[in-house]
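Please look over the sequence and the model before reading on. The paragraphs below go through selected residues and the places they hold.

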Amino acid sequence: PVIVTILAIIIGLVISWFLLPRLATVFNQLGVELPVTTKVLIALGDFLREYGLYVVPGTIIALIATIIILFVYKKTRTIGQRLVFRLPIIGRLIRENEVASFGYLYGSLLKAGLNPAQALQAMSNGAEYPQYKKIYSQLYALIQDGNSFQKSFKKVDPRHKLVPSFVQQMIFTGEKSGNLPETFGRIGVIYEQKSEATAKNLSVLLEPVLLVIIWLMVMFIALAVIVPIYSLIGGFNAR
C-alpha cells in the first residue's frame with residue numbers, strides 16, 4: 001500500500017503538472033464547464049508550472065531534513081521519540097519491544113554474572129529511548145542503595161506506563177524466589193509474542209486505511225480528468 005500510495009502521488013503530480021494544463025486550454029477554447037475537482041488540479045498544475053522546480057525539491061529536502069532532525073541527530077531525536085511514543089498503536093508496539101528487550105537483556109546480564117545493580121547500569125547506558133534510560137538509571141541508583149525491586153519500583157515514575165504492573169509483579173515474585181534471571185527471560189518471551197501480535201494488528205489496521213486513501217486519490221484524479229471529457233463529448237453529440 002505504501003508503494004501504491006507513492007505512485008498515486010507521483011501520477012497525480014504528473015497529471016496536474018503536464019496533462020491538465022494542456023487539456024484546460026482545449027476545454028476553455030471549446031467552452032466546456034469544468035468541475036471543481038478539475039479546477040483544483042489545474043490550479044495545482046499552474047502553481048507547479050510556475051514554482052514546481054523549487055517547491056518539489058524543496059519539499060523533499062525539507063522532509064528528509066525533518067526526519068534527520070527528529071530521528072537521527074542525537075541532540076534532537078528525543079523529540080521524535082517522544083512524538084512516536086504518543087502514537088496509539090506504534091507507541092504501544094515500542095513499549096512492548098522495549099519491555100521484551102528489558103527481559104531478554106537484563107536476564108542475560110544476570111546469567112552472565114553481573115549483580116542486579118551492574119546489570120541496570122548496563123541497561124541504562126545502552127537504552128535507546130530516554131524514557132527507559134531514566135527508569136533504568138533510577139532503578140540502578142535505588143538498587144545500588146540496597147533497596148529491593150519492589151521498593152524501588154514504587155519510587156520510579158512513571159513506572160506503570162512504561163513497565164506494566166503485570167511485569168512488576170513477575171519481577172517481585174522472581175526476586176523473592178531467587179529466580180530473577182529466569183523471570184526476566186519469561187518476561188522477554190511473553191512480550192516478544194505480544195509485540196509480534198501488535199505488529200500484525202498494526203499492518204491489518206493500516207492496509208485498509210491506506211487503500212481507502214488511494215481509492216479517494218484515484219477517484220479525485222479520475223473525476224478531474226474524465227468528467228470534462230464526457231462533457232466535451234456530450235457537447236459534440238449535441239451539435
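Which residues form a nonpolar patch on the surface, and with about how much accessible area together? In this predicted model, the patch consists of Ile3, Ile6, Leu7, Ile10, Ile11, Val14 and Phe18. Together these residues have about 670 Å² of accessible area. Phenylalanine 18 belongs to helix 1, which covers residues 2-30. Its relative accessibility is 46%, so phenylalanine 18 counts as partly exposed. A residue needs over 30% relative accessible area to be part of a patch, and phenylalanine 18, at 46%, can therefore be included.

Is lysine 161 buried or exposed? Lysine 161 has a relative accessible area of 67%, and exposed means over 50%, so lysine 161 falls in the exposed class.

The next stop is helix 4, which spans residues 88-111 and contains arginine 92. How many salt bridges does the structure hold? There is one, and in it the side chain of arginine 92 meets that of glutamate 96, with 3.1 Å from N to O. Side chains of opposite charge can pair when their charged atoms come close. Both partners are in helix 4, where they are four residues apart, or about one turn of the helix. The two partners can also be described by their accessibility. Glutamate 96 is buried because its relative accessible area is 6%, and buried means under 20%. Arginine 92 has a relative accessible area of 44% and is therefore partly exposed. Arginine 92 can also be related to a residue elsewhere in the sequence: leucine 162 is 70 residues away along the chain, and the two C-alpha atoms are 9.4 Å apart in space.

Helix 10 takes in residues 180-238, and serine 195 is one of them. What does the side chain of serine 195 reach? It reaches the backbone oxygen of glutamate 192, at 2.8 Å. With a relative accessible area of 5%, serine 195 is buried.

Asparagine 201 is also found in helix 10. Asparagine 201 has a relative accessible area of 46%, so it is partly exposed. Between the C-alpha atoms of asparagine 201 and lysine 39 there is a separation of 40 Å, and the two residues are 162 residues apart along the chain.

Leucine 210 is another residue of helix 10. It counts as partly exposed because its relative accessibility is 22%, and the buried class is for values under 20%. How are leucine 210 and valine 4 separated, along the chain and between C-alpha atoms? Along the chain they are 206 residues apart, while their C-alpha atoms are separated by 9.0 Å.

One further residue is proline 116, in helix 5, which runs over residues 116-126. Proline 116 is partly exposed, since its relative accessible area is 29%. From proline 116 to glutamate 182 there are 66 residues in sequence, and the C-alpha to C-alpha distance is 13 Å.

Key
Residues numbered from 1 in each chain as written. Predicted model: local features only at pLDDT ≥ 70, side-chain atom pairs only at ≥ 80, totals over all residues. Heavy atoms only, no water. Buried < 20%, exposed > 50% of the residue type's maximum accessible area, 1.4 Å probe, protein only. Helix = DSSP H or I, 4+ residues; strand = E, 2+ residues; numbered from the N terminus. Polar contact = N/O pair within 3.5 Å; in protein donor to acceptor, adjacent residues only side chain to side chain. Patch = residues over 30% accessible without salt bridge, like charges linked within 9 Å, V, L, I, M, F, W, Y side chains within 5 Å. Areas by Shrake-Rupley, 256 points an atom, 1.4 Å probe, with all protein chains shown as cover. Salt bridge = Lys/Arg side-chain N within 4 Å of Asp/Glu carboxyl O.
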